[in-house]
Amino acid sequence: MIKLIKSTFYQEQETKKKLNDFITSATELSMGEQCRAFENEFAQKQGRKYGIFVNSGSSANLILLQALINLKRLEGASMVAFSALTWPTNVMPIMQLGLRPVPLDCELDTLNVSPQTLKKITPKPACIFLTNVLGFCDDIAAIRSYCAQEHIILLEDNCESLGSKVGGELLGNFSLASTFSFFVGHHLSTIEGGMVCTDDEELREMLALVRAHGWDRNFSEARRHELQTQSGIDEFYARYSFYDLAYNVRPSEINGFIGRIQLAYWDDIVSTRERQYKQLAKVIQGNKDLLPMQTDHMDIVSNFAVPVICKNTETFKAYRERFDRHDVEIRPIIAGNMVRQPFYKKYARTNISCPNADTIHTNGFYFGNNPDMTNEELDVLGSLLTQ
């Protein structure tokens with residue numbers, strides 16, 4: 001079988017050996033020094049000022065929206081537009097926090113929201129939570145410019161696109177803040193884990209507060225004293241004082257330690273994914289049954305999984321059966337059109353059609369593109385993509 005996820009970590013045996021040595025010698029495994037080092041090193045590699053490490057990419061989405069509400073940058077009834085082709089926990093926090101979700105259709109040749117689609121939304125949303133799908137993007141620079149012009153908060157869910165670059169800039173750096181996932185099978189694995197990156201110091205502080213109960217333990221001594229003085233809290237009560245709405249989504253030192261090991265492989269992982277995607281994309285380009293992706297505008301395509309979008313449903317069924325017959329593990333493209341998901345139908349109050357996301361939902365699937373792929377597996381996949 002050509003599996004969707006081939007290993008827990010990149011360079012798995014070496015990573016497991018280092019992890020075993022760390023666990024047997026560590027004196028503390030709750031969030032601490034390793035987590036702080038990983039979030040600082042990750043933010044530096046990503047090219048942002050701050051990183052807030054959490055227990056999953058889904059939690060990263062949740063605390064980001066909660067932090068913006070706590071800071072009064074979003075109100076309870078604010079409209080938040082989101083990519084219709086995405087993962088449910090990009091959308092669920094919008095609903096759970098009382099915000100109003102507005103789906104945005106994608107383009108078939110980029111799988112992503114275009115500035116033209118965003119500009120059609122009326123009234124204008126307060127925020128757009130853009131998903132950078134499978135390592136691709138549309139004209140994200142134009143989206144950033146439009147959001148700045150219209151005073152729309154732009155956020156990026158970059159869980160599938162670590163290392164992708166356009167116009168010399170990494171995806172995840174076009175927005176106020178971006179989220180990342182380190183779940184097994186994503187670009188970097190910490191088993192479970194996620195990150196929020198931002199250059200905004202006020203937002204970074206609120207994210208740290210929201211991550212852990214709403215208390216101030218992860219702040220500097222001077223900032224803790226300032227908060228305690230403002231709230232009239234003495235030293236005895238300070239350790240159990242909570243300043244705003246929050247959760248407990250802390251990672252462990254195990255996650256932080258693994259993250260630091262895997263971070264050293266960033267360049268290898270990204271370059272391998274890019275090379276393998278280019279090889280398979282050439283085959284797709286020559287197959288009239290399939291829709292090719294438009295990536296000429298991108299510097300680096302750090303592809304998470306390879307999408308196969310067929311021109312009609314009959315062809316989709318034939319290719320799906322072909323991949324199944326050759327024991328290749330496949331999945332719907334992310335979660336398909338989010339508007340069609342049961343939870344969305346149950347709770348959403350908007351009825352906006354997304355025809356391109358529908359086409360991907362009914363006529364598409366993806367298979368894994370991981371850096372452990374063998375040449376033999378790539379040859380099999382290439383043959384399956386040939387008309």
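Me: Which backbone oxygen does the side chain of H186 reach?
Reply: This is a predicted model, in which local features need pLDDT of at least 70, side-chain atom pairs count only at pLDDT 80 or more, and totals for chains, interfaces and linings use all residues. Residues are numbered from 1 along each chain as its sequence is written, and side-chain values use heavy atoms, with hydrogens and water left out. H186 is found in the loop between β8 (177–181) and β9 (194–198), where helices (H or I, at least four residues) and strands (E, at least two) are DSSP runs numbered from the N terminus. At 3.0 Å, its side chain reaches the backbone oxygen of C159.

Me: Why does H186 count as buried?
Reply: Buried means under 20% relative accessible area, exposed over 50%, and partly exposed in between (1.4 Å probe, protein chains only). Contact means heavy atoms within 4.5 Å, and H186 touches C159, S181, R273 and F304, not counting residues up to four places away in sequence. H186 counts as buried because its relative accessibility is 15%.

Me: Which residue of β12 is the bridge partner of V306?
Reply: Two strands pair if DSSP finds at least two bridges between them, and three strands form an open antiparallel sheet in the order β10-β12-β11. β10 (305–309) and β11 (330–331) stand at the edges with a single partner strand each, so one side of each is left without a neighbour in the sheet. Five bridges join β10 to the antiparallel strand β12 (residues 364–368). Within β12, the bridge partner of V306 is F367.

Me: Within what arc do the buried residues of α15 fall?
Reply: The buried residues of helix α15 (residues 375–384) are E377, L378, L381, G382 and L384, and they pack against α11 (266–285), α12 (313–325) and β12. The face turned away from this buried side carries the exposed residues N375, E376 and D379. The arc is that of the directions from the helix axis to the C-beta atoms. Seen down the axis of α15, the buried residues line one face of the helix, because they fall within an arc of 160°.

Me: How far from the sulfur of C106 is the nearest cysteine sulfur?
Reply: A disulfide is a pair of cysteine sulfur atoms within 2.5 Å, and the structure holds zero disulfides. C106 counts as buried at 2% relative accessibility, and C354 is buried with a relative accessible area of 2%. For C106, the nearest cysteine sulfur is that of C354, at 8.0 Å.

Me: Which residue's side chain is joined to that of S7 by a polar contact of 2.6 Å?
Reply: A polar contact is a pair of N or O atoms within 3.5 Å; within protein, one must be able to donate a hydrogen and the other to accept it, and residues adjacent in sequence count only if both atoms are side-chain atoms. S7 lies in the segment before α1 (12–25), and a polar atom of its side chain lies 3.0 Å from the backbone oxygen of F9. The side-chain to side-chain polar contact of 2.6 Å joins S7 to D372.
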